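Here is a short briefing on one protein chain. Look over the sequence and the model, then read on.

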Amino acid sequence: MERVLLYTFLEVSSDCKFREQLHSLQSQGIVSFPKGSYSYDDEVELQTDGNRSGHLQNGELVFDPEVNEEVIRIIAAQLAEIGDQFDKEIKARVVNDLAQHFLNENLSGEEITQRMSEAVEGLARAIPSDMEQEKAMLVLAMVLTKKIANTMPSLLQRVFSTTVNYISQQLHNYIVRMLRE
């Protein structure tokens with residue numbers, strides 16, 4: 001779900017200078033769009049015991065219901081509009097510093113996700129916004145992804161994966177609520 005939302009956000013964003021690389025994510029199977037609907041269950045990892053992971057609700061394991069692809073496209077377009085407003089507020093230094101972390105092969109995925117988290121939280125505090133904190137953080141993470149990929153398209157796959165991890169860890173429940181509304 002997070003992959004499809006981020007991909008669609010980037011696809012519909014203005015000033016996307018890496019469309020060719022973006023479409024290669026889909027041809028490489030990193031992002032796939034099933035026809036008609038998208039089920040979170042498709043992306044759930046198989047655990048070592050052979051079961052699929054999920055989350056607990058009232059003590060029972062549940063998987064998210066199918067989400068219509070068109071709903072994701074509409075939400076991604078709305079978030080991209082907000083992103084265009086935020087885009088102007090993000091200083092080049094923040095983008096360049098974060099890009100340098102992505103270039104550092106010695107940093108683990110966890111360390112880079114932490115750097116992404118710190119950058120998003122710092123921007124969320126610096127940018128005055130009357131919107132929900134979670135929505136602002138989601139849009140900022142996606143805009144940072146776009147700006148880094150615009151600066152260095154070769155980093156797209158690593159930045160995309162890191163952003164998906166960040167969003168999954170920090171904002172998954174918010175996205176589920178947003179898609180249900």
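Which residues have the most contacts inside the largest nonpolar core? They are Leu5, Leu79, Leu138, Leu144 and Phe160, in a core of 57 residues. A nonpolar core here is a set of buried Ala, Val, Leu, Ile, Met, Phe, Trp, Tyr and Cys residues joined through side-chain atoms within 4.5 Å.

The model is predicted: local features need pLDDT of at least 70, side-chain atom pairs count only at pLDDT 80 or more, and totals for chains, interfaces and linings use all residues. Residues are numbered from 1 along each chain as its sequence is written, and side-chain values use heavy atoms, with hydrogens and water left out.

**Overall fold**

- The protein chain has seven helices and four strands. Both are DSSP runs numbered from the N terminus: helices are H or I with at least four residues, strands are E with at least two.
- Along the sequence the pattern reads α-α-β-β-β-β-α-α-α-α-α.
- Of the 181 residues, 44% count as buried. Buried means under 20% relative accessible area, exposed means over 50%, and partly exposed lies in between (1.4 Å probe, protein chains only).
- Take the contacts between residues at least 6 apart in sequence: 75% of them join residues at least 24 apart. Contact means heavy atoms within 4.5 Å.

**The nonpolar core**

- The largest nonpolar core holds 57 residues. Helices H1 (2-12), H2 (19-27), H3 (69-87), H4 (92-103), H5 (109-126), H6 and H7 each supply at least two of its residues.
- H7 gives the most to this core, with 12 residues.
- In soluble globular proteins, nonpolar side chains tend to be buried together.
- Leu5 touches Ile72, Ile75, Ala76, Leu79, Leu138, Met142, Ile175 and Met178, leaving out residues up to four places away in sequence.
- Ile82 sits in helix H3. It counts as buried because its relative accessibility is 15%.
- Beyond residues up to four places away in sequence, Ile82 touches Met131, Lys135 and Val139. Ile82 and Val139 are 57 residues apart in sequence, yet 7.2 Å apart C-alpha to C-alpha.

- H6 covers residues 133-151, 19 residues in total. From first C-alpha to last it reaches 27 Å, close to the 27 Å expected at 1.5 Å a residue. The expected span is 1.5 Å times one less than the number of residues.
- H6 is mostly covered, with 15 of its 19 residues buried.
- Lys146 is in H6. Why does Lys146 count as buried? Because its relative accessibility is 2%.
- Lys146 touches Leu10, Ser13, Ser14, Asp15, Phe18, Asp84 and Asp87, not counting residues up to four places away in sequence.
- Asp15 lies in the loop between H1 and H2. Its relative accessible area is 45%, so Asp15 is partly exposed.
- Phi of Asp15 is near 60°, a positive value in a residue other than glycine.

- H7 runs over residues 156-180. A straight helix of 25 residues would span 36 Å at 1.5 Å a residue, but H7 spans only 29 Å between its end C-alpha atoms.
- H7 has a kink of about 80°, centred on Leu171. The bend at a residue is the angle between axes fitted to the seven residues ending there and the seven starting there.
- Arg158 lies in H7. With a relative accessible area of 24%, Arg158 is partly exposed.
- Apart from residues up to four places away in sequence, Arg158 touches His101, Phe102, Leu103, Asn104, Glu105, Leu107 and Ile112.
- A polar atom of the Arg158 side chain lies 2.5 Å from the backbone oxygen of Phe102.
- Arg158 and Gly109 are 49 residues apart along the chain, and their C-alpha atoms are separated by 8.9 Å.
- Thr162 is also found in H7. Thr162 counts as buried, at 6% relative accessibility.
- A polar atom of the Thr162 side chain lies 2.9 Å from the backbone oxygen of Arg158.
- Aside from neighbours within four places in sequence, Thr162 is in contact with Phe102, Ile112, Thr113 and Met116.

Key: A polar contact is a pair of N or O atoms within 3.5 Å; within protein, one must be able to donate a hydrogen and the other to accept it, and residues adjacent in sequence count only if both atoms are side-chain atoms.
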